[in-house]
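Please open the structure in your viewer and keep a selection tool at hand. The stops below go from one selection to the next, with a short account of what is there.

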Amino acid sequence: KARGSSALVLCMDVGFSMSNSEPGQEPSFEQAKKVIQKFVQRQVFAENKDEVGLVLFGTDGTKNGLAEDGQYENITVHRRLMMPDFELLEEIESKLQPGGQQADWLDALVVCMDLLQEETMGKKFERLNIVLLTDLNVQTSADQLDVIIDSLKKARITLQFFLPFPVDGEDRADGGGDGPGPSAAPVRPGKGLSRQQTQGLEMVKNIMTSLEEEDGLEEVYTFSDALQKLSIFKRIDRRPMAWPCHLTIGSSLTIRIVGYKAVTEEKVKKSWAIVEAQSHQRDDVKRETVYCLDDDNETEVQKDDTIQGFRYGSDIVPFSKVDEDQMKYKSDGKCFSVLGFTKQELIRRHQFMGSQVVKVFAARDDEHAAVALSALIRALDSLKMAAIVRYAYDRRSNPQVGAAFPCIKEKYECLLYVQLPFMEDLRQFTFPVLENNKKFKPSESQLSAVDALIDSMMLVEKDEDGESVDVFKVNHIPNPQFQRLFQCLHHRGVNPDDPLPPVEPWLKRDLERPQAVSARCQTPLQDVKTKFPLKVVVKKKEQKTSADVFGSSADEPDAKKVKVDEETEFNLAEIAKGNITSVGSVNPVRDFCTLIRQKTVSFDQACQQLTHRIEQLLGNRSPEYYMKSIACIQAFRDQSVSSGNAELFNSYMQSLKRSVPDRNLQELWDLLIQDALTLISKDEVDGSTFSKQDANQFLAFEQKEEVQAAPVQEDTGDVDDLVSVSCLFGCFNDKHIIYYICECNSDLQVY
Amino acid sequence: MRKRRVMAEWREYYQNEDDEVEEDEEDSGGAYKISGRDSLVFLVDASKEMFIKGEDGEPSNFDMTMQCVRSVYTSKIISSDKDLVALVFYGTEQSKNPRNSFKHVYVYHDLDSPGAKHVQDIDKLQGEKGAQLAEKTMGSGETSLGEALWCCSNLYSDIKLRLSHKRLMIFTCRDDPHVGDSAKDRQARTKAADLKETGVVIDLMHLTKPEGFDVSLFFCDIVSPPEDESELGLQTEPCRKLEDLQKRVRAKELKKRAQSRLTFSLGEGVNLAVGVYVLARTATKPPAVRLYRDTNEPVRTKTRYFHAHNGGILLPNDMKRAQVYGKKQIVMEKDEVDEIKKFDDPGLVLMGFKPMERLKLHHHIRPALFIYPEEEQISGSSCMFTTLLLKCSEKNVFALCRYIPRRNTPPRFVALVPQREELDQSQTQATPPGFRVIFLPFADDIRTVDAHVGPTASDEQVDKMKEIVHKLRFKYRSDAFENPMLQQHYRNLEALALDMLAPEPIEDLTMPKVQMMDDRLGPLVQEFKDLVYPPDYNPEGKPAAKRKPAESGGGGAEKKPKVEMSEEELKNHVEKGTLGKLTVPVLKDACRQFGIRTTGTKKQELIDALTMQFSK
């Protein structure tokens, strides 16, 4: 039974333009491959029953059913519709290579349609979907476009596009990301699109809007979107099972309804079997459960000689399965019966029980039921009330009491049903007073410190249009547990003898505080830190409980306790960030931030290591490293501001500026101007010697100055600069000889 | 009067995982272990005053106390059957205590875990007949609270078990029990002090008396000071109603315990300690125990793993974990399986804040938890916590946190919703101060639902429904509904334990009171139906009956003939990885047909077995 399964064709552009990339960015080919890989990985390990095909275009060869007379060339059907398996994963990993040709993506689309038609013949699929991944950078013929759109509609095939750039200039309302991560430089849309791409984009818009009107564009994603969210799955998601029932009010008012599980915790479905360690055979392990008396000899008894019982306090009552079934509570089947109506405010959010939310609609295609339910929904909504109902899923399940809230959306109306507690579920605990307790009463300054902290850590921001945007939508984050599990399974499947890989960095990043918020809250957090004395209580006698939580051994002598705690904290940071002892070249920003946070090396040292890397990057004199350098400079600045130490950063920036003409770093400097990465002013850090105005002017390179050798009169802060600069570079590793250009006294200093 | 039972069962509710092999209990990294047992002594005044009936047939104070004691007994039976409870009367004529050394003290139940018999004993003391029985067996006589307390302290010291929490509740309506006998007063104070010294907490559950109960006369020196100087200490108002008394007893009767204690990190090393409490959890029927048929004594189970070929016992190190995907078996160590779930150490990490309206009603996946500061772990936590609580509530925001409850558990995001303390009319805490922890769904937890779009109602139709809603409104209370399934289960056990002929019938509060609703609504229902339904519409009727499977022709009842699958076909399925499309019965038949041994009857297990067989 293939209820609700989907057929989907992944159609990826492997043409040569896909291998090009902007400096510092991953080529589109790699990004698209990752999207496909992640999608297939999930399909394989979640054991979905959907069938997936893979079509590549821009390949050197041609292999498809339509190729004839020079048409549909360079398009390869790599895999016909099949359930994705490990082989496909391995193939994508090893065999999916960039091609040297270009092919019309519209042609490829037709090939996919043809494939879908042919392969789904006689099989029942609920959804057919084609996913196109391309940079649109190819001449496309709009010939027969109408026919294509028409056939898509007729065959009820849906489309999704994944492009390297967003479809419209600005980010869509809910596309607000978490700010650019270190590697994902913001794509500047519109700019730099080729003629073909602009044309192609028009055609994409044309197709998508004619397929589903204004919503169509919502199915056009960027590669980075696809990696972060599960957008590719949206189209082929299995729809929850319909639960038809009757909503009843009293004995004679009945409305036909259908419920769907709308929110419920998705669990890992597959469990681990036990195998013998050497043979890896399941059959080699036998499991045996024996029953024994609770006597000294642990006398074994046969299962047949045991009966079922239940505890009733100190008594144990024999109660056979048969008797139990006979006497147990019996519900009279499926129901959704209103017990009464109550004010919504009397139902507290924290009283929600169970593990799901059910959306209740009127029965499909029953307009009378729709009107009746609509009347109820609207009445409840305007009275701010909810229905309390008895809910039973079916005859075998136990009844619940729950609340049905009205929910009115632009496009539809429904009831939202949530289970409420039974009296037996509640635990009444009384807690000591906090607010009016003299001991804990916060002072005015403490209150304002927390006030400022909250303001600086708001995860909802106003965008240019004054609309507030949620920058941390949990319901857009895929559960990291699955991603991690699939990553490890995949890795172990391919490399059976390797240790497990570390958690992928982007996955970690998803779980961290957004960078912008982190930066904003540094100062208020420091303020909170100084205003609230928080001290770990060292107990005379180590209690098991705290030891369990704080992870130290209970038997540690007292004296060691403090140290252990410190270590634990350090480990925590280390685990979160990987073991980082110096600023490496792969991800200098992350390393630098970690070093600062862990305080493994002094602030000065961390800065030295970072500038070392920046200089290395700039030394390459190739623009693609600029983005990385700029990210480093940004991090340098952020950390300096939060540590309240402006000196090192400012002097580095000054010397960098001076070296611009000689090193031909004009482009870099322009980027700094764009990002407004300037000196740290007094307004930001007390110790700074620069006013805000100084800082603002700093970036402006007068045209003349650029050409001329830097004038001497600018160097008023020379002596200070020299001191800090030399201290900055004082402890560089001897192995690296850094050419550091600085015209304080001489032109070139070698460290 | 309906007997109210408190049936609460707080066992951890585990989702039934497919394979009991795998989901070993989570490492209890953050779990809070306790040792020893809780004990509770009810010390009840049996003087004549206690038996005076209230006006309008209200139950006497004694009756009320007995009902309350009974509800504690039954709730202990269900929730914490290891706890010890005793019932002692003072001011009796007769004496009955272990060494019979105390006059006018009657130990009705010695410290013991309560069972069905105990409950039955209490039932005998209830109502008119109960009062007569009490008069006959115990009578009312002289009062010496000192002697009674002394006797109770002996009960505690006679117990050989380790007691973790000791509580004594005095139920009385006399504020001056010794009527001016200062020697007796003094003795009572001394004995109370002795008890308190050994760690016993003494509470007063004072009941109404006509002239009002004056705590300051005598009892203020007897009871324990409040746990915390600011805690609501003595309830100055005596209990008038059974509900109040039960609430008051219930609030004290359970020792509150944190599920775990965690660090709540705001960032930059600003850490406070919080306790995580479970204030609501789905109570489920406890699992059955196996009993030896001959003696009815419980048996234990032992699970062993051994090698299929050489029969040797397999130790944990001799086994690994595996999953099969398609034709590929992926093997990991047990440790690695755990490691995959590890992202960070247990704790709460602050991400930021959001306005309350961003907390969506339908973002619900689990019952909420509750957190409260732990000053004993990190000093200053309470102040920091209180400030956060005040400010979040003032600014109407919630805190978004990453939450890892125990070791090797993947993170979830939670909303910390501020909750300030609220008291009810009787000055009992209705909601405690702290943060509610609301679990938020990930993208995977939100399903795609194709909305049904249909016509909407007109104002007239909506207004008519408003009248209906108005007629059926009531004040919802979270503790108003009992779980009929659990109630029935325990009534059954009770009946069996006490050899009753039939269990006491339960009242199913989850059933709609249809008659009452119809009466209240009167003609409104018909009026509404006339507005929304056409005359020939029958909502009860089945919609166009489901299409019969195609070509089934006339004969409805004939069963599908069993189709045996050829090896060829099976192999084909295995190769294409499409076994999953076959139904469980077909897979089972296939296994049977080719004599393939399976580890279970779950679909995946069948598929795995077939795959192993045919991909060899």
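What you have open is a predicted model, in which local features need pLDDT of at least 70 and side-chain atom pairs count only at pLDDT 80 or more, while totals for chains, interfaces and linings use all residues. Residues are numbered from 1 along each chain as its sequence is written, chains are lettered from A and ligands numbered from 1 in the order in which they are written, and side-chain values use heavy atoms, with hydrogens and water left out.

**Stop 1: a residue with two partners**

Select Arg390(A) and Asp508(B), which form a salt bridge with the closest N and O atoms 3.3 Å apart. This pair crosses between chains, since Arg390(A) belongs to strand β16 of chain A and Asp508(B) to the loop between α10 (484–497) and α11 (514–521) of chain B; helices (H or I, at least four residues) and strands (E, at least two) are DSSP runs, numbered from the N terminus. Is Arg390(A) buried or exposed? Arg390(A) counts as buried at 1% relative accessibility, and Asp508(B) counts as buried at 18%, where buried means under 20% relative accessible area, exposed over 50%, and partly exposed in between (1.4 Å probe, protein chains only).

Asp332(A) is exposed, with a relative accessible area of 59%.

**Stop 2: the interface as a whole**

Colour the two chains separately and select the residues in contact (heavy atoms within 4.5 Å): 213 residues come from chain A and 238 residues from chain B. Together the chains bury about 22,000 Å², 61% of it on carbon and sulfur atoms, buried area being the accessible area (1.4 Å probe) that two parts lose on being put together, summed over both. On the side of chain A, the residues that lose the most area to chain B are Trp272(A), Tyr312(A) and Phe431(A), together 5% of what that side buries.

How many salt bridges does the rule find across the interface of chain A and chain B? The count there is 16, and over all chains it comes to 57. One to select is the pair Arg348(A) and Glu422(B), whose side chains meet at 3.0 Å, N to O. Then select helix α9 (residues 367–383) of chain A, which gives 14 residues, the largest share of the side of chain A that touches chain B. Another selection, made of Asp451(A), Asp455(A), Lys391(B), Glu394(B) and Lys395(B), shows residues linked in a network of salt bridges.

**Stop 3: strands that pair across the chains**

Select strand β10 (residues 285–293) of chain A and strand β9 (residues 299–307) of chain B, which pair in the antiparallel sense over nine bridges; two strands count as paired if DSSP finds at least two bridges between them. Within this pairing, Tyr291(A) stands opposite Thr301(B) in β9(B). From Tyr291(A), move to Gln302(A), 11 residues apart in sequence and 6.7 Å apart in space, C-alpha to C-alpha. Gln302(A) lies in the loop between β11 (300–301) and β12 (306–312) of chain A and counts as exposed at 56% relative accessibility.

**Stop 4: inside chain A**

Select Glu51(A) and Lys123(A), which form a salt bridge with the closest N and O atoms 3.5 Å apart. Glu51(A) lies in strand β2 (residues 51–57) and Lys123(A) in the loop between α3 (105–119) and β4 (127–133) of chain A, so the pair ties together parts that are 72 residues apart in sequence. Glu51(A) is buried, at 2% relative accessible area, whereas Lys123(A) is partly exposed, at 38%.

**Stop 5: a buried residue of chain B**

Finally, select Asp45(B) in strand β1 (residues 37–45) of chain B, which counts as buried at 0% relative accessibility. Its neighbours in contact, not counting residues up to four places away in sequence, include Met50(B), Phe62(B), Tyr90(B) and Arg174(B).

Terms used. Salt bridge = Lys/Arg side-chain N within 4 Å of Asp/Glu carboxyl O.
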